[in-house]
Amino acid sequence: MKAIYQRLIIILGIAIIIAIFAISYRGYVVTLRDVAALYAQSQSQISELSAKGIESFLIELQSELRLIAKYPEVKQIEEEKAQAVMQAYYENVSDKIKAISRIDAQGILRLTYPPNPDSIGQDLTYQEHIQELLRTRRPVVSVPFRAVQGYQTIALHQPVFDRYDARGRPLSDAEFLGSVAVLINYEQLGREFLVPIKTGKSEQAHVLNPQGVVIVCTPAEALYGEQFFDAIPAERFPETHRFFQRIVGGEKLVQWVDLPETGRGDRKGKYIVSSAPIVFDHLRWMVVVASPYREVVALAHQSYWNNLLVALFVLAVVVVSAVGLMKINKRLVRSEEQARYLRKLRVHEERYQHIFQNAQDAIFLLQPESGQILSANRVSQEMTGYALEELQRRRIFDLLQAQEVQKMEHLLTALDEQEHQQEISGLVFVRKDGSEVPVEINASLGKVAGEPVVLGLVRDVTERKKAEIALRNRYQQLAMLHRVSEALAGTLNLNEVCEAIFQQIRTAIPVEVFCILGYQTETQKMEVLYERHEQPPGSADPLPECMSVVHQSLLSSVVREKTAKVSFRDVSLGKATVGISAMHVPMILGDKTVGVIIALTRAVHAYTKEVVQLMSTIANQAAVAVEKAQLFQQTEHMANTDALTGLYNRHFFTKAFHEAAERTKQNGHELAMMLIDIYNFKSINDALGYLKGDEILREVAQLIRQQTGPEAIVGRYGGDEFVVLMSDVTAHELDAAIQRIQRAVDLWNETHPLNGNDLVLHIAAKLAGPAEVDRIMADLDTDLHHEKQTIERRLLTEYIEESKATLQKLTIQTILGFAKALETKDAYYKGHSERVAALAIRMAQQFSFTEEQMQNLIYAARLHDIGKIGIDRAVLNKRTLLSQSEQQLLKQHSVAGETVLREVEFLQEAAKFIRHHHERYDGRTDTIPPGYPDGLKGEQIPLASRIITVADSYDALILDRPYKDSDGRAFAVEEMIKNTGTQFDPKVVEVFLDILSEDGEYHPAV
């Protein structure tokens, strides 16, 4: 019996061992599968944790940058103060960032900390993220790039504006001032968020952007900033390539794929890859974790041996536990009671869930200290646009606008410290799609499972807000209509009426271009009565140029149908396309249209039905005011203008002058005035007729008005007198206006001949200060009178000078005629005076004669023998020697020549040269030939006379005379040299010989 029991025990033991090994093998297979599944699930969760960590890191940096961007010192780039702010921030977060910088609106680096003087002033617009920042003016996170400081990094830019609203957002018309940027320490980013999630040495973790660029990675730092797909070519890993394209496209995935094994050539390895999105502002990155299959197998092996040990342990426990079966049986009864309690608890939980999920308001369960969302009902999810799992990863503060976070923090603090229930209104939830929902929150403090929680009931008050806004808008419209009515009733000035309409409309209606057109029923033409352009800062397209494109097609139908028209269209302007909202509203008075009000804006569909109704009411009020103002303007214009020229009349000008004078006395500025008179206008009327004279007056009036500018007051002061009044101008501007008028008159004279007479304007101008303004008109009148007298004297002087020149010309011609007559008396002297003059001019050029001296020399040379005109022809042409009496008669010709010419004023100096052109240089009168008539010597003889003596003697020696033939040029030169110092001036002879040498007629001995 004992042996049987022993065999049974052995068989039982063998069976147990076989069972243990069978269970272990099955456990190994199941363990491998389960470990892989658990590993995949775990890897997906840690990917999400890493993604949320990076999200929180970026959100925290962005919040800090928003605060820094609002510092006035940083906005205005006050270098020392801004540097101090940036330094303080950097020292607190130096483990997270490498540097903080300030970039201006042109993309120029202005400040950086730690300081890097070499990089200041560099143009960063070559960097793609800087281009995106300048284009979008939104927060920007870059891909990895090399900073100007020299290292690889990632940049986070926060835009800087000059003004923000109460919620901390930049105003619509705020000026863009650049950005504040931090250069992120990507190595720290990897150590903090990627390294901790790795469970094995061969595991890889990356952060990719939507283009597949590696932002952060570990351990393959060589891929940093490179294209991830470069390591996974599509031709070798087609399925893996498509899988990663889905990941960078934003899908959250977990899958086994083939990847190249690092350091093993072309060998593939099986990896489990999981991804999780990083959502930050408009940025979307992906955290990607890849674990090799061999590490999962290693975990399965470890789990298998652990399970085997557990199985053995369980066997031992079963044996030991058999002893306690009775005790377990007793506890079963107690377990049944617990089960009944749990069933009741589930019933209560289902009732709670029914109430929780079907409540009309949104319900949030929050952690009191952190504001973490623990749970939320269906309405909460619909209100925020987030799924429950997305809400549970957020805090209640993440759903609020930045400026409202502090209100919520105060509410949670008050619940924790003072009250168990709090209510707060005026909050705004920001939905997942970026839209806003106005809400009010009623919060109470309670406990769930012994832990304190905050129950928040959130009510959507959008409809209530809409009703409040509609009521407020209606009140504002009525108030605006009242203000428009008061403004229009207070003036008859057309421009002031139109300005009042515009100023009231712009407060309630978006408008960038505003125009009021008047319509003439008789002519069916439109004229612009008023136009204003309110183009927003920073808009590049010139919206006013779109006006003609937009409104021409609508104007005729608006006038014809007397109905307002609204349109929205894309208008092509050059290379750009501009979306324009346009509103055309007729101004109706009785049964006729008196005009059209036009408003344009870039805002999409800005002009709603309510806006058109308001504008139609304003337009009907404006019609009456515009009609009255136009009638008043026409009456006032007729009373103040000159009927002929269209300029202001003297009555209006006098009034305008006194008003301007009073302003000058008050503000201390200077007043400029011009008094303009048409010279000798009576002769123009007499020559051309009064109709032509009136036409000239009108043209001169328009000429003066065009050249003095729109700010000047131009009036007709008298019949042919005009007056111009210019306020707050400088002397330079006044002179420029006068010059413009004179140039315009000159141009007018070129195109308007007046029977040989030019139009001449007398202009008297004066710039007067407060002390001189009262007598400026009298001074101008006196100046104009003096100007007329001056011009008349100048014209008389010019006439006298012209007469003298004419007389001088006639006199010269007459005397030269006598000289020609002399040559006819003495045939041997034909051309003699011209040759003497030509030779004398060449010699005189070597003595630096002035222009006047040279002219007198020419007169004297041409007329040196004019005294022979009174000598008988027989004496001049006598072939035998002259008698003594005839010689004495011939000697008198120089004195006779002086006598003839000295009565002519401009020939008196030449007459003196003629008198002395036969004097000898040595002064002798007893030689042959003798010097005459006065016996002057050396320098006493005028230089011009000495020059004529040499020229005359040489020409006489080379001529054939009645009483002897010429001995030739060589003999003449010898005679000139022989008589140098006696008859001739040596200096003149020297110049004379140089001239002959130049002409080749004299060759001095070497």
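A residue counts as buried under 20% relative accessible area, as exposed over 50%, and as partly exposed in between. The model described here is predicted.

**Overall composition and confidence**

The chain holds 29 helices and 25 strands. Of its 1006 residues, 43% count as buried. Among contacts between residues at least 6 apart in sequence, 58% join residues at least 24 apart. The chain exposes about 54900 Å², of which carbon and sulfur atoms supply 53%.

The mean pLDDT of the chain is 76, and 75% of the residues reach 70 or more. Confidence is lowest in helix H20 (residues 776-825), with a mean of 57, and highest in strand E6 (residues 176-184), at 92. Over residues 320-326 pLDDT stays under 50, and for this stretch the model has zero contacts beyond four places in sequence.

**Backbone exceptions**

Most residues other than glycine have a negative phi, and most peptide bonds are trans.

Ile 77 is found in the loop between helix H2 (72-75) and helix H3 (79-92). Its relative accessibility is 14%, so Ile 77 counts as buried. Arg 137 also has a positive phi, near 55°, and is found in the loop between helix H4 and strand E3 (140-141). With a relative accessible area of 37%, Arg 137 falls between the two cut-offs and is therefore partly exposed.

**Strands E22, E23 and E24**

Strand E24 (residues 721-727) runs antiparallel to strand E23 (residues 713-716), and four bridges join the two. The link from E23 to E24 is a hairpin through four residues. E24 also pairs with strand E22 (residues 671-678), in the antiparallel sense, over seven bridges. Six of the seven residues of E24 are buried, so the strand is mostly covered. Some of the residues that stand opposite each other are listed below.

| Residue | Opposite residue in E24 |
|---|---|
| Ile 713 | Leu 725 |
| Val 714 | Val 724 |
| Ala 672 | Met 726 |

In a regular strand the side chains alternate between the two faces of the sheet.

**Helices H21, H27 and H29**

Helix H27 (943-957) is one of the helices against which the buried residues of H29 pack. Of the 15 residues of H27, 13 are buried, so the helix is largely enclosed by the rest of the structure. At 1.5 Å a residue H27 should span 21 Å, and its end C-alpha atoms are 21 Å apart, which agrees.

His 832 lies in helix H21. At 2% relative accessibility, His 832 counts as buried. Its side chain makes a polar contact with the side chain of Asp 952, at 2.7 Å.

Helix H29 covers residues 986-999; at 1.5 Å a residue, its 14 residues should span 20 Å, and the end C-alpha atoms are 20 Å apart, in agreement. Asp 985 caps the N-terminal end of H29, with a side-chain oxygen 3.1 Å from the backbone nitrogen of Lys 987. Just after the helix, Gly 1000 takes a positive phi of about 80°.

Which residues of H29 are buried? They are Val 988, Val 989, Val 991, Phe 992, Leu 993, Ile 995 and Leu 996. An α-helix has 3.6 residues a turn, so residues three or four places apart point the same way. The buried residues of H29 pack against helix H21 (832-844), helix H27 and helix H28 (969-978).

Key: Residues are numbered from 1 along each chain as its sequence is written. Side-chain values use heavy atoms; hydrogens and water are left out. The expected span of a helix is 1.5 Å times one less than its number of residues. Buried means under 20% relative accessible area, exposed over 50%, partly exposed in between (1.4 Å probe, protein chains only). Contact means heavy atoms within 4.5 Å. A polar contact is a pair of N or O atoms within 3.5 Å; within protein, one must be able to donate a hydrogen and the other to accept it, and residues adjacent in sequence count only if both atoms are side-chain atoms. Accessible areas come from the Shrake-Rupley method with a 1.4 Å probe; for residues, only the protein chains shown count as cover. Two strands pair if DSSP finds at least two bridges between them. pLDDT is the predictor's confidence in each residue, from 0 to 100.
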